[in-house]
Amino acid sequence: MPDLLIELFSEEIPARMQAKAADDLKSRVTNGLVEAGLTYAGAAAYSTPRRLALRVDGLTERSPDIKEERKGPRVDAPEKAVEGFLRGAGVSRDDLIERDEKKGRVFFAVIEKPGRPAAEIVAEVLEDTILNFPWPKSMRWGAGSLRWVRPLHRIICLLSREDGSEVVPLDVDGIASGRTTEGHRFMAPGAFDVTGFDDYEAKLKRAHVVLDAQERAEAIWQDATNQAFASGLEVVEDKGLLAEVAGLVEWPVVLMGEIGAEFLDLPPEVLQTSMKEHQKFFSVKNPKTGRIERFVTVANRETADHGATILAGNQKVLSARLADAKFFWENDLRVAKKEKMAPWLDSLGSVTFHNKLGSQRDRIDRIAALARELAPVVGADANLAEQAAQVAKADLASEMVYEFPELQGLMGRYYSAAAGLPAEVAAACEEHYSPLGPSDDVPSASVSVVVALADKIDTLTGFWAIDEKPTGSKDPFALRRAALGVIRLVLENSLAISLDRFMDAQLVRHKARMIDEVTDSDVEDLIDAIAEYGVFGAAYRTLKEKRGGDATAGLDAMKEALPDKSVDLLAFFHDRLKNYLRDEGVRHDVIDACLGMPGNDDLALLVARARALQDVLSTEDGENLVQGFKRANNILTQAEDKDGVEYSFGADPKFAEDPTETALFDALAQAEAKIAPAMKAQDFSAAMAAMADLRGPVDAFFEAVQVNAESEVLRRNRLNLLNTIRQTCLQVADLTRIEG
Amino acid sequence: MDQTITKPRSFQEIILRLQTYWAEKGCAVMQPYDMEVGAGTFHPATTLRSLGSRPWAAAYVQPSRRPTDGRYGENPNRLQHYYQYQVLIKPSPPDLQELYLGSLRAIGIDMSLHDIRFVEDDWESPTLGAWGLGWEVWCDGMEVSQFTYFQQVGGHDCHPVSGELTYGLERLAMYVLGVDHVMDMPYNDPDAPIALSYGDVFRQTEQEYSRWNFDVADTDVLLRHFEEAEAECARILNHAEDDPKTGKRIVMAHPAYDQCIKASHIFNLLDARGVISVTERQSYIGRVRALAKRCADAFVLTEAGGYAA
């Protein structure tokens, strides 16, 4: 059983591509080998800046022989037909056998495909892998036509057995396979031969190359934390940076250096971002003060002066970078302190947010107006919320955020504090972008929550207003993320918010910019009316009536422009909510049963209902009640279809014949007495428990009584009784949607 | 071997050493192009010669102008006029990385003490309709060169591919000479009878051009020049290939390309004057790219561009 070693040696591969390339090499080669009939015991792939490597252990020597038969014409068929068959099957007359079939004696061609040696298959698979490798970006070089991520120089393709190793011969665009590779570019120049994986890995290490990226990363992290610890400091963890740096070196050497004293007063996030983005340095902080005081850089070599020259050079570059950052910080602080960020807000008037949705300044004004309306519902101070929304995006025009866009929000917090604004406002500047992803923290401070909601609702309604909804995998404006953000803000803060009202108000604000006929007073009146009536439709009708026939052109244009936008957007929220709740373990049919109930734009209410329903369904009574409900509903629906009437008259207990029937009347009356007040108090658990209590009486009723009785009076009364069951249950949730 | 190489003492010595090194490696050492350009890539020895199939190897210094980078000579490393050293070899030789590292040794960078790294950096020039893959080369964390394998220029696929090296000379020289402010850098030998610093040579011009670039250049005139250059480029290329006077086939790719260079530089000046809005910017870049593309189309129809009658 030979082992296979492959190495593709090239000029420097971008760090971000290495891990996936190693995986791709492994899966493409091993899949190819298996498809061609070989098997193997194990495989592992490796990457360094200059090479991808793959070991495949315990490969079979040959693919198996395959023998197949192909049915031909009858033995008495014309000679032409037999010749045609021989040609098609690629065999000679000697390879034919005869056998009796139902229709007579028939020729069979026996085609034998002998197995092929592993080397032949490996060569084909590797060539195909190289020619079709899925690099995110690839290039040509010199006069060749091969594409690779950077120029490819050497190919090792080696099969090794106990008695030695053989090069698998192949040639890709003039690069012939061999057993030769190179070590570290500077510390061990020159080429050497290898005989198999163990030899390869050991010789590379002697030539100052650590083959395994994971091993390099661990060595870097360990050395960095040790050096920091020795000085009473700690390295700020950054897994992404660690992986990247491990992809930039073959022989990692960790060096810790000082940050100039004049830069230590910069915000730690600025130091960290500048060092990471420009120089790929780790930050080292003093655990007592939380301040970042040093940096760790990872060199690719050892030197006679133990890295002194390298460290001095890096320190110098860092000083130049931090001098820039300090310059931005001081300029920004001046604007924040002296002018309260006003010049930034002015300049955002000429920065386009989206060509159909106006400037950043327009956007800020819309968000501030919505924040004001949302504040009382969330329990925040309306003035503070509006103020926070007004400055939350001011830092987008600052020099620091221009240089480091990832510091948006955070710089806003520093600058708002410097401008002397209240702490809640400063916090909202940073927190209003949250939550960014499913695992990001959700803000809980009321002012931050208001601005975060207003920002996201404004974005969603804006793109809905111009029909730029996400489709398939395309979501360029991250609208799914925004919707999930709203959902998490509402649920995790247990907010009772009827979204319809705020979506409609914001849609009106968006559309007002786009429609000429709409006047300022139209917008004002509409938004007031929406606040009063909860939705656009009711607001529009009331307003139109109030104004009589006069001055309704703007209202009508608005009505024309907003057909079902908020219905559609609410459905989008419900869709995202379903995904979110599914991850939380709520059944999808349970959610469906609750989506159609009144108040479904109040997401917290919707979720409370769904959770209560799921709880009750997990009890035996609940589960059986659903069966009873469905039975009642089916009988009733069939009868209604047949008779063409609705049995909603109200059953009369005096026609009850059977004791179970009487008991059911009583049980329904009792349930109703509990359910109605519970629903009013939005106590879904109590309502559903009362509903589940019906299980016994309903089951007993169906056991003892035939609904479709011969007496028409009795039948009608019983159908009306079933309707009472239906009505009682449906006020809690749409149980028809429950599966099973 | 590294020990035998002495440290250079001045800006000009670094340039001379690069010239000698690349001449020894077989490059034609060319002179700067005699027009204002934003980078060494604009020199026709790079832009046009990277097109077509004929082999090429050239190295040269190119004075480059970036009007928006002017800081009146006060910033330690920002200048509106600076020098690039440019090498272009077609087809890119297999040992181009080694050749490049040799050039760093030649200017006194001791490879046994420094940390040289090739860090992913893909190059794109929207104005030239060009892109390539390569790296920025770091020495102890500082970017000292750009290293690019051209894939496309003027909208044409490069076949064969050229390897391009660009050194930012001031920054590299400051590093090698251990100088913190560009104006303090020795321009000639510091022990020469008349020792001159970079500031002695360029501080005043940095001030003069910074003022002119930002506040004085006549934007109406510039706008007119832009349109004239654009029109002239098109007019040149609209001429028939056959010259009626000599009876020869003469495609005027270079004169047309001069107009493209001119338009590009005028655009940079207008940008520095702050008269181009964000949306207009894209449209100007697109207009220059259209010129570059037409010039590239014309060049591949010339002998140097590989045209065979």
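**Entry 1: a helix pair in chain A.** I started with handedness: α25(A) passes α28(A) in a left-handed crossing. A crossing is left-handed if the near helix is turned anticlockwise from the far one by less than a right angle, and right-handed if clockwise. Helices here are DSSP runs of H or I with at least four residues, strands are runs of E with at least two, and both are numbered from the N terminus. Helix α25 spans residues 659-680 of chain A and helix α28 spans residues 712-730 of chain A; their axes are 11 Å apart at about 25°. Axes are lines fitted to C-alpha atoms, for helices over the stretch in contact, and angles run from 0 to 180 degrees between N-to-C directions. So α25(A) and α28(A) are roughly parallel to each other. The classes are: under 35 degrees roughly parallel, over 145 roughly antiparallel, 65 to 115 roughly perpendicular, the rest oblique.

I listed the contact (heavy atoms within 4.5 Å). From α25(A) come E661(A), L664(A), F665(A), L668(A), E672(A) and I675(A); from α28(A) come N717(A), R718(A), L721(A), T724(A), I725(A) and T728(A). The contact of α25(A) with α28(A) has 6 nonpolar, 3 polar and 3 charged residues. Ala, Val, Leu, Ile, Met, Phe, Trp, Tyr, Cys and Pro count as nonpolar, Asp, Glu, Lys and Arg as charged, and the others, Gly among them, as polar.

**Entry 2: ground rules.** This is a predicted model: local features need pLDDT of at least 70, side-chain atom pairs count only at pLDDT 80 or more, and totals for chains, interfaces and linings use all residues. Residues are numbered from 1 along each chain as its sequence is written, chains are lettered from A and ligands numbered from 1 in the order in which they are written, and side-chain values use heavy atoms, with hydrogens and water left out.

**Entry 3: α14 and α15.** Next I checked helix α14 (residues 423-431) and helix α15 (residues 446-465) of chain A, which pack at about 40° with axes 8 Å apart. That angle makes α14(A) oblique to α15(A). The crossing of α14(A) and α15(A) is right-handed. E424(A), A427(A), A428(A) and E431(A) of α14(A) meet V447(A), S448(A), V451(A) and A452(A) of α15(A). By class, the α14(A)–α15(A) contact holds 5 nonpolar, 1 polar and 2 charged residues.

The loop between α14 and α15 of chain A contains P435(A). A cis peptide bond joins S434(A) and P435(A), with omega about -5°.

Entry 4: Most residues other than glycine have a negative phi, and most peptide bonds are trans. The bond from K90(B) to P91(B) is cis, omega near -5°. P91(B) is in the loop between β3 (81-90) and α3 (96-106) of chain B. H306(A), not a glycine, has a positive phi near 55°. I found H306(A) in the loop between β16 (292-299) and α8 (308-339) of chain A.

**Entry 5: domains.** Which domains does chain B have? The assignment, automatic or from a database, gives domain 1 (2-211) and domain 2 (218-299) of chain B. Their centres, over C-alpha atoms, are 26 Å apart. The contact takes 21 residues from domain 1 of chain B and 20 from domain 2 of chain B. In chain A, 72 Å separate the C-alpha centres of domain 1 and domain 5.
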